[in-house]
Amino acid sequence: MTRIEIGEHSLEAFEAGDGPPLLFLHGGDYVAQNRPFLERLARRRRVVAPRHPGFGRSERPDGYRTVHDLAYLYLDWLDREGGENTTVVGSSFGGWIALEMAVRDPARIGRLVLIDSLGLKFGGREERDIADIYALPEEELRRRTFVEPERWVPDYTALSDEAATAIVRDREATALYGWRPYMHDPGLRQWLHRVRAPALVLWGEADGIVGLDYGRKLATALPQGRFVAIARAGHYPQIERPEEVAAAIEDFAGAEAGR
Amino acid sequence: MKVWHFSEMAYHPAWPSLSDSYRVVVPSRLFDPKLGADLYHRYLDEWVLCDELGVNIMTNEHHATATCADSVCTIPMAILARETKQVRLLALGMPIGNRNDPIRVAEEYSMLDVISRGRIEMGFVKGVPFEISPANTNPADLVGRFWEAHDLILKAMSSHDGPFSWEGTHFHYRSVNVWPRPWQEPHPPVWMPVGSAGSAAEAAERGMTIGVLNTGWVRTPPIFAAYRKRAAEAGRPMSLDRLAYMALIGVGRTREEGRGRADQILDYSRTSGIVAPQFMNPPGYASAAQSAQALKAGGGAGFRAGRIQTRDGRAINPRELSVEDAIDAGLSFAGTPDDVCDQLRAFYDHVGGFGHLLMMGQGGLISHEETVANLRLFSEAVLPRLTDLGR
């Protein structure tokens, strides 16, 4: 792990590869499990994957209380490092951040990839769009998250104190930013027309946290949205199917990358 | 020493229908309003009796649970503010980090203080972790919200010159102007329940009275010690009436009768921690270091219900707690009046003294008649022998 600096903020980050820049924004849990996917992407791109403020070993400045703060922070990074054609990939909670960025500064983002993204409310007030991860029994939560939970859920008893603390901080920060309104911004949907970049919406077919129908609605709501389902994957398809997801992203963003 | 009678107003008729969780997810179809009304009136009658017995009154609140049907602690306080005339009334208390409107809390406590003619003691609680879900408050900034609400409530109750504004991190008011002003100046005494040395130190800095609940022989001494130490460092005058300890108390004419009463009350301890694990440690509620250890120990959601520590070092599952072990652990004082005095005095000396005994004189399925007998015998045969304590 390295660190990246954005203005006065220092974030823990994965950084590898050369080529056109790709910013990966992780979800609320299982952050370390993204690594094989990121290494795969880094064969053809410069991949930067910061750990969000408050997560892992990244400090959260006192004033950071909403996803909007994270969006502005990463827009600052794009201003400094990103050039004109950065691909922004957001998974789950990170997809929510990417969408908040895209409505704020549409010209900054070359390609947008949303993987089982959160952040929006499509249903009525008594419909649960996003499963209540804080009320589900642990076993059910794992089954809803992964097709093969036994393969991806770590053996927590074997973790170092440092690794366990990083996971606990991921979960704490996710709650801080996403507790209420639950994992969405009620004002975001009305501004989705501002997203100028072509958008690829990837969804795990077996996602039990936020279902396929939500993903299709998201793709439809984006001016240039395309929906692709990933077979044999749950809420984090890039963890369970890194090759398929990376290939889909390269296929989508490849034209830009080649220039 | 001041003694306070405490009951959680349990709705125990639902208990036989419950297994994995007595809280959060229990459907209210299990609450029969007719049985519930009888129970509310019965518990209130027991508190009213305390006025005659010279025992003060303590209420609390929990939510979405059959273990405690007192979901608004100031409602029994309001009834008792008028139905009693002598004793003091403590709510321990109001979960101000979980309430959306601190000004409403200031209004409730102020009104109660005036109606009771200055007999209110007001508790502010951070709340147990499984209160987060019913309130849907953010566990990751609960502590900041709690202290901001605390500061705002005290300012609102002690400001008497018209509106002031408050634009904080969590609460925003253009015009705070609480009516009525409270009877007591500058405001009723402030209490906070604490379960750790760190929280005790925070309370000591502010001169709050701490109520220490269910911590027993092993965990209580470091909490009281932390309070005394921090109070001294902060230059605050230390007196024992800043320290309160809760125990389940069963008194009888015979040892068997007293222990039998305690045994019934102990169903409180046996049930109150039965909560589905996903509600036991919401993210951010505990410190990262504590939650990391829990994650490693639990292997998953990372929380196990607390064990009760006996003085000889055994860890007991609360669901299987016997009277003998509860006495050994310092959670219960039970037996004849002599037994209770002896156990209480031994505990008192062990922890360095305290000024308030929070007496759970009712809990679990113990009947009204048995509760009345318990309270009466306590007030006749134990209370007069405690006058030298707590000074």
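**Strand β1 and the cysteines of chain B**

Visitor: Which residue in β2(B) stands opposite His5(B)?

Guide: Ile57(B) in β2(B) stands opposite His5(B). This is a predicted model, in which local features need pLDDT of at least 70, side-chain atom pairs pLDDT 80 or more, while totals for chains, interfaces and linings use all residues. Residues are numbered from 1 along each chain, chains are lettered from A and ligands numbered from 1 as written, and side-chain values use heavy atoms, without hydrogens or water.

Visitor: Which strands pair with β1(B)?

Guide: Strands (E, at least two residues) and helices (H or I, at least four) are DSSP runs numbered from the N terminus; two strands pair at two or more bridges. Here β1(B) runs parallel to β2(B), residues 56-59, with three bridges. From β1(B) the chain passes through helix α1(B), residues 33-53, to β2(B) in a right-handed β-α-β crossover (clockwise from first strand over helix to second, strands pointing away from the viewer). Strand β13(B), residues 356-360, is also parallel to β1(B), over five bridges, and its Leu357(B) faces Val3(B).

Visitor: Is β1(B) enclosed or open?

Guide: Buried means under 20% relative accessible area, exposed over 50%, partly exposed in between (1.4 Å probe, protein chains only). Four of the five residues of β1(B), residues 2-6, are buried, so the strand is largely enclosed by the rest of the structure.

Visitor: How many disulfides are there?

Guide: A disulfide needs two cysteine sulfurs within 2.5 Å, and the count over all chains is zero. Cys68(B) has its closest cysteine sulfur in Cys73(B), at 9.4 Å, too far for a bond. For Cys341(B), also in no disulfide, the nearest is that of Cys50(B), 18 Å away. Cys68(B) is buried at 2% relative accessible area, and Cys341(B) is buried at 2%.
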